Amino acid sequence: MQIVVDLNRCQGYAQCVFLAPQVFELHGEEALLYVPTVPEGQDERVLRAAAACPVQAIAVGEQAGEGAGVR
């Protein structure tokens, strides 16, 4: 599974960090770091994190590949 986070849209609410800490990490107070290729066994956590994002900044699966250059 692939993910892309729109870092321009991300507001640093960190819901994703709480729900999928092996994939998302806050660097400092607002800079989000993430793994674009979801590690095995983390799919469900990432889907929950994407759904919980207040600004819908996380694109998952096929959505992540559209216009983002991820395949």
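Trainee: How many salt bridges does the count come to?

Mentor: The count comes to one salt bridge in this predicted model. The partners are Glu44 and Arg48.

Trainee: Why is the pairing of Glu44 with Arg48 called a salt bridge?

Mentor: Let's set the value against the cut-off. The closest N and O atoms of Glu44 and Arg48 are 3.6 Å apart. A salt bridge needs a side-chain nitrogen of Lys or Arg within 4 Å of a carboxyl oxygen of Asp or Glu, so this pair qualifies. As a general point, side chains of opposite charge can pair when their charged atoms come close.

Trainee: Where do Glu44 and Arg48 lie?

Mentor: Both lie in helix α2, which covers residues 43-52. Glu44 and Arg48 are four residues apart there, about one turn of the helix.

Trainee: Now the cysteines. How do you know that the count of disulfides comes to zero?

Mentor: Look at the sulfur atoms. The sulfur of Cys10 is 6.3 Å from the closest cysteine sulfur, in Cys16. A disulfide needs two cysteine sulfur atoms within 2.5 Å, so Cys10 and Cys16 are too far apart for a bond. The count therefore comes to zero disulfides.

Trainee: Are Cys10 and Cys16 buried or partly exposed?

Mentor: Cys16 has a relative accessible area of 9%, and under 20% means buried, so Cys16 is buried. Cys10 has 21%, so Cys10 is partly exposed.

Trainee: What is the phi of Ala14?

Mentor: Phi of Ala14 is near 70°, a positive value in a residue other than glycine. Ala14 is found in the loop between β1 (3-5) and α1 (15-19). Its relative accessible area is 12%, which is under 20%, so Ala14 is buried.

Trainee: And what is the phi of Gln56?

Mentor: Gln56 has a positive phi of about 50°, although Gln56 is not a glycine. Gln56 is found in the loop between α2 and β4 (58-60). With a relative accessible area of 46%, Gln56 is partly exposed.

Technical notes: Residues are numbered from 1 along each chain as its sequence is written. This is a predicted model: local features need pLDDT of at least 70, side-chain atom pairs count only at pLDDT 80 or more; totals for chains, interfaces and linings use all residues. Side-chain values use heavy atoms; hydrogens and water are left out. Helices (H or I, at least four residues) and strands (E, at least two) are DSSP runs, numbered from the N terminus. Buried means under 20% relative accessible area, exposed over 50%, partly exposed in between (1.4 Å probe, protein chains only).
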